[in-house]
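Here are a few notes to read alongside the model. Have a look at the structure first, then go through the points in order.

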Amino acid sequence: MVLHLTTYAYRDWDSYLTHQYDEKHAIENQKGLTNVEYYDRLEENERHYADRAYADVLADLFGDLEQMLVPTYCDHLAIMGTNLEQVFQKAPLVRLQFTQKVRERFLVDDQGEEHVMDQPLQSIHQKYEFYRTNFS
């Protein structure tokens with residue numbers, strides 16, 4: 001989770017979305033693509049940038065944690081500055097509540113697999129499958 005937090009909390013979103021737009025624009029300007037190739041490449045591009053769904057999940061999780069901790073256990077919550085281990089040692093029930101929130105937000109199944117990306121990737125695939133079917 002810390003890897004996700006540091007990756008998505010500190011990402012330069014303007015640059016990230018600009019890269020996505022630039023790559024999409026390059027695909028749109030390629031000559032000689034069939035409609036199927038065109039939609040395949042657009043789908044691949046959109047899937048490549050779909051991980052931004054994690055940013056929303058992490059923001060929601062941070063909000064959940066903040067509600068659990070502030071002001072009862074600490075006066076404020078900082079992503080890299082708050083020592084959660086100290087808080088969790090003092091309040092083991094909060095650790096359990098937080099663990100449950102992580103499982104809920106990341107859509108963790110009984111086998112421990114997260115499914116945050118399932119719905120966004122499925123939506124992207126359905127969109128381009130519709131395009132390929134109806135516009136090729």
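**Notes on the predicted model**

1. Let's start with glutamine 20, which is buried at a relative accessible area of 13% (buried means under 20% relative accessible area, exposed over 50%, partly exposed in between, with a 1.4 Å probe and protein chains only). Glutamine 20 sits in helix 2, residues 13-28 (helices are DSSP runs of H or I with at least four residues, numbered from the N terminus). Not counting residues up to four places away in sequence, glutamine 20 touches Asn45, Glu46, Tyr49 and Arg52, where contact means heavy atoms within 4.5 Å.

2. A word on the ground rules: this is a predicted model, so local features need pLDDT of at least 70 and side-chain atom pairs count only at pLDDT 80 or more, while totals for chains, interfaces and linings use all residues. Residues are numbered from 1 along each chain as its sequence is written, and side-chain values use heavy atoms, with hydrogens and water left out.

3. Next, the largest nonpolar core: it has 25 residues, and Leu69, Val94, Phe98 and Phe106 have the most contacts inside it. (A nonpolar core is a set of buried Ala, Val, Leu, Ile, Met, Phe, Trp, Tyr and Cys residues joined through side-chain atoms within 4.5 Å.) Two or more residues each come from helix 3 (35-48), helix 4 (53-69), helix 5 (84-90), helix 6 (92-105) and helix 7 (118-135). Helix 4 gives the largest share, 8 residues. Leaving aside neighbours within four places in sequence, leucine 69 contacts Cys74, Leu77, Leu84, Val87 and Val94.

4. How do helix 4 and helix 6 pack, and at what angle? The angle is about 160°, with the axes 10 Å apart (axes are lines fitted to C-alpha atoms, for helices over the stretch in contact, and angles run from 0 to 180 degrees between N-to-C directions). That makes helix 4 roughly antiparallel to helix 6 (the cut-offs are under 35 degrees for roughly parallel, over 145 for roughly antiparallel, 65 to 115 for roughly perpendicular and oblique for the rest). Helix 4 contributes Val57, Asp60, Leu61, Asp64, Leu65, Met68 and Leu69 to the contact, and helix 6 contributes Val94, Gln97, Phe98, Lys101, Val102 and Arg105.

5. Two backbone spots to check. Most residues other than glycine have a negative phi, and most peptide bonds are trans. Valine 70 and proline 71 are joined by a cis peptide bond, with omega about 0°; proline 71 is in the loop between helix 4 and helix 5. Leucine 107 is not a glycine, yet has a positive phi of about 55°. Leucine 107 lies in the loop between helix 6 and helix 7 and counts as partly exposed, at 46% relative accessibility.
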